[in-house]
Amino acid sequence: MIEYVGVLGPPEALNYPISVCDTCREQGVERGNVIWGTTAGAPGLRRGTPIHVAHKGRCDAALDLWFAQVYFDADGWMQLSEELDVFARQLARNATKPLSAGDGIRTYPLQLALPRLAQETR
Ligand SMILES: [Zn+2]
């Protein structure tokens, strides 16, 4: 996930966001994928998952397996992914840019589904 990590050292202690691999917990993933899920396309309220990060290779393969166990296809979940550097550029560009319907963009209500909640709603 994207998490806050505390850093000690001159000139001062800092907290700053950094990518942390959800499989091996290494901080500062250089070559990785961002993985999330949505129920877009399924009937009912659209749900979304937290944004996960994993190194490419064994870590994202392990995260894929965990994801499939927690967010079931039968419940309308589909998994999406993007390369971390592409996602980070999109986030930096959009983080302070409000969505406007005038731009031809449609927004919709979204319910965050944490892994435990996703299991309880089966
Ligand atoms: Zn990893």
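Visitor: Which residue in strand 5 stands opposite asparagine 33?
Guide: That's alanine 54. One caution before we go on: this is a predicted model, where local features need pLDDT of at least 70, side-chain atom pairs count only at pLDDT 80 or more, and totals for chains, interfaces and linings use all residues. Residues are numbered from 1 along each chain as its sequence is written.

Visitor: How many bridges join strand 3 to strand 5?
Guide: Four, and the two strands run antiparallel. Strands here are DSSP runs of E with at least two residues, helices are runs of H or I with at least four, and both are numbered from the N terminus. Two strands pair if DSSP finds at least two bridges between them.

Visitor: And which way does strand 3 pair with strand 6, parallel or antiparallel?
Guide: Antiparallel, over six bridges. For instance, tryptophan 36 has leucine 80 in strand 6 as its bridge partner.

Visitor: Is strand 3 mostly covered or mostly open, and how many of its residues are buried?
Guide: Mostly covered: five of its seven residues, in the stretch 32-38, are buried. Buried means that 20 or more other C-beta atoms lie within 10 Å of a residue's own; 12 or fewer makes it exposed, anything in between is partly exposed, and the C-beta atoms are placed from the backbone.

Visitor: Let's zoom out. What are the elements of the chain?
Guide: There are three helices and seven strands. Starting at the N terminus, the order is β-β-β-β-β-α-β-α-β-α. The C-alpha atoms fill a box of roughly 50 × 40 × 25 Å along the principal axes. Of the chain's 122 residues, 21% count as buried.

Visitor: What's in the largest nonpolar core?
Guide: It has 13 residues, and those with the most contacts inside it include Val34, Ile35, Val53 and Leu63. A nonpolar core is a set of buried Ala, Val, Leu, Ile, Met, Phe, Trp, Tyr and Cys residues joined through C-beta atoms within 7 Å. Strand 3, strand 5, helix 1 (58-70) and helix 2 (84-94) are the elements that give it two or more residues. Helix 1 provides the largest share, three residues.

Visitor: What does valine 34 touch?
Guide: Leaving out residues up to four places away in sequence, valine 34 touches Ile51, Val53, Ser81, Glu82, Leu84 and Phe87. Contact means that the C-beta atoms, placed from the backbone, lie within 7 Å.

Visitor: Back to helix 1. Which of its residues are buried?
Guide: Cys59, Asp60, Leu63 and Phe67. Seen down the helix axis, the buried residues fall within an arc of 85°, so they line one face of helix 1. That arc is taken from the directions from the axis to the C-beta atoms.

Visitor: What do those buried residues pack against?
Guide: Strand 3, strand 5 and strand 6. The face turned away from the buried side carries the exposed residues Arg58, Ala61, Leu65 and Gln69.

Visitor: Why does phenylalanine 67 count as buried?
Guide: Because 22 other C-beta atoms lie within 10 Å of phenylalanine 67. Apart from neighbours within four places in sequence, phenylalanine 67 is in contact with Ile35, Gly37 and Gln79.

Visitor: New topic: where is arginine 25?
Guide: In the loop between strand 2 and strand 3. Arginine 25 has a positive phi of about 65°, although it is not a glycine. Arginine 25 is exposed, because it has 9 other C-beta atoms within 10 Å.

Visitor: What do strand 1 and strand 2 form?
Guide: A hairpin with six residues between them, and glycine 9 in the turn has a positive phi of about 135°. Strand 1 (residues 2-7) and strand 2 (residues 14-19) run antiparallel and are joined by six bridges. Glutamate 3 has isoleucine 18 in strand 2 as its bridge partner.

Visitor: Last one: why does aspartate 85 count as partly exposed?
Guide: Because aspartate 85 has 13 C-beta neighbours inside 10 Å. Aspartate 85 lies in helix 2. Its C-alpha atom is separated by 8.2 Å from that of glutamate 30, 55 residues apart along the chain.

Conventions:
Contact = placed C-beta atoms within 7 Å.
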